[in-house]
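Please look over the sequence and the structure shown below before reading on. The notes that follow are grouped by topic.

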Amino acid sequence: MSVLLEVKEISKSYKLKGYWYHKREFNALAPVSFTIKAKKTLAIVGENGSGKSTLAKILVGAETPTRGKIYLNGQLLQSQSFKQRCQQIRMIFQDSGTTLNPSLTIQQLLDEPLTLNTDLEEKQRRQLIRMTLQKVGLLGDHMNFYPHMFSGGQKQRISLARAIILQPQVIILDEALAALDPSLRSQMINLLLDLQEQMGLAYILISHNLGIVRHFSDDVLVMSHGEVVESGKTLEVMRNPQHKVTQKLMMSQNFKLK
Amino acid sequence: MNLLDIRNLSIELDTPNGRILAVDRVSLSIKEGEIRGLVGESGSGKSLLAQAIIGVLEDKWHVHADRFHWRGIDLLRLSIDERRTLLCRDIAMIFQEPMSCLDPTTLIGAQLSEAIDTSQLSGYFWQRNKQRKKEVIKLLHKVGIKNHSQCISSYPHQLTEAICQRVMIAIALAGRPMLLIADEPTAAMESTNQGQIFRLLANLNQLKNMSILLISHDLENITHWTNTITVMYSGQFVEAGTTEQIFNKPMHPYTRALVDSSTKANLQLPAKSRLMTLPGSIPILQHLPIGCRLGPRCPRAQQTCVSAPKVSNFHGHKVSCHFPILRETVKKQPLKDKPVKGTN
């Protein structure tokens, strides 16, 4: 299977306040490279401040990398061309309650990416919204509701609908499963796995929960202080953790694979 | 001896459309020196129950109980003031977000010394200040903060979340409580810090014989630390028993679904296979189903489930269900493997 997303030597550093002739820099992300294939999931684990979210922001285009290149389907992604990137790489955030605009109905919310990125007629857009809502397990009539009328799990489904409505190839889940209740979380995991199978999506999962990482991902990157300290197939890394950070992480969750 | 013994506690809420039964006849007992987990998803009334125990609910909530004993003393017979002084002395509580519970405008040292009661100090009034300071440092050492001088002279926003939670625990320990109620002490904390806080609580339990009521929304996170677990669902009692009973032989369909849906407990499942899950979502307070509130989502529901089930006791394993999953039926279903306790 061909490589979908290729990240080459991406790094990010921030300039800190300093004197003119000894400027200091803070390296949020040391050079990172990885590749993802279609229908595969890459998990990124690490502590707070290890650079996982910076990496996610760079991939989705919210930050520009200091150095490095991103290739999607072999094409170089320019850091300015949001149009192309918006359609192909989408992101879901942790707290779905605050990422939905409370003054818009679900239809208006889901309409926004369509009007900005496609040339569809109003009728077609409506049809597409209805279909996407049904795909994530809601009813088509839910599009006339406002976000506050939904429960937390349903809001997360709406965020997912907003992510998949443009038929993207990569979805970044930034702690998207952490704030959900256990029974809704397993529903969401099942839904995400089904969509991956149907639409051939690639996921980048950022998570703390090693149980979910084990179940959900094919490959894993362990990060610490902006550097990738361990990477490989999830099962192999978890069976035989080499680096101290990985071992500590697994210890702290009492996690052991036989 | 039972430290806390609550039988059939109900909490009602006044709304414009009449009273709503938010917590429906829940029983809870805590023995001396045990860690009891209280598990329930959001809206299950676990925090309400904790607040009702220490009596900090607002006036719009009405609490009733058939029995409410604290170390053999019937609290229902006492006046409110007497009850408050008794509970203040013996029970302490720590809350979900330590950053928002500490006073942002006061130094940590001042907040800690405020919590130390004057009756704990001895000596003349001019010696009190010195003693107080010593006591504060001792408390900080107790919760594992070694760099006490820096911690005392800093504001909450200058410390990390894990340290703030430790300070909260120190404030709770100042009154030397017999029972500590920890309401999701590690929510929104990263896993290495979570482990630290849980280990600290476990140490306190071992060394000081302090009982702990550990409240959490996630069953898989706390099973490693608890002796016994009570499970609640949308205001109703579901199941109670030792951690092994709950985790290895769940009798209630809801607990079974919780255990089966946990990715940590089902390490034998192949990656990317479907997880067991209950259909539907958690009912909101305004539209609670009658009878057993799990009814509409329950795979074993039958007609009798429209009336609330009674609690039945199987060797100390209490379950509130008309059709509990007994061991024989589990064996008949080879698809649902007995979950291995893979976390240990």
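**Helix 1 of chain B and the basis of the model**

In helix 1 (residues 46-54) of chain B, the buried residues are B:Lys46, B:Leu48, B:Leu49, B:Ala50, B:Ala52 and B:Ile53, where a residue is called buried if 20 or more other C-beta atoms, placed from the backbone, lie within 10 Å of its own, exposed if 12 or fewer do, and partly exposed in between. After helix 1 of chain B comes B:Gly55, which has a positive phi near 75°. The model is a predicted one, in which local features need pLDDT of at least 70 and side-chain atom pairs count only at pLDDT 80 or more, while totals for chains, interfaces and linings use all residues. Residues are numbered from 1 along each chain as its sequence is written, and chains are lettered from A and ligands numbered from 1 in the order in which they are written.

**Chain A as a whole**

- Chain A has ten helices and ten strands, these being DSSP runs numbered from the N terminus (helices are H or I with at least four residues, strands are E with at least two).
- The radius of gyration of chain A, taken over C-alpha atoms, is 19 Å, close to the 18 Å that the globule rule (2.2 Å times the number of residues to the power 0.38) gives for 258 residues, so chain A is as compact as a globular protein of that length.
- Along the principal axes, the C-alpha atoms of chain A fill a box of roughly 55 × 50 × 40 Å, and buried residues make up 41% of its 258 residues.
- Of the contacts in chain A between residues at least 6 apart in sequence, 66% join residues at least 24 apart, a contact being two residues whose C-beta atoms, placed from the backbone, lie within 7 Å.

**The open sheet of chain A**

- Four strands of chain A form an open, antiparallel sheet in the order 2-1-4-5, with strands taken as paired if DSSP finds at least two bridges between them.
- Strand 2 (22-37) and strand 5 of chain A stand at the edges with a single partner strand each, so one side of each has no neighbour in the sheet.
- Strand 1 and strand 2 of chain A pair in the antiparallel sense over eleven bridges, and A:Lys12 has A:Leu29 in strand 2 as its bridge partner.
- Helix 1 (residues 52-60) of chain A packs on the sheet and touches strand 1, strand 2 and strand 4 of chain A, its direction making about 70° with that of strand 2; such angles run from 0 to 180 degrees between N-to-C directions, and axes are lines fitted to C-alpha atoms, for helices over the stretch in contact.
- Strand 1 (residues 3-19) and strand 4 (residues 67-72) of chain A are joined in the antiparallel sense by five bridges, with A:Leu5 opposite A:Leu72 of strand 4.
- A:Leu72 also has A:Gln75 in strand 5 as a bridge partner, and in the hairpin of strand 4 and strand 5 of chain A, with two residues between the strands, A:Asn73 takes a positive phi near 55°.

**The contact between chains A and B**

- The contact takes 27 residues from chain A and 30 residues from chain B.
- On the side of chain A that touches chain B, helix 6 (152-164), helix 7 (182-199), helix 8 (210-216) and helix 10 (244-252) of chain A each give two or more residues, and helix 7 supplies the largest share, eight residues.
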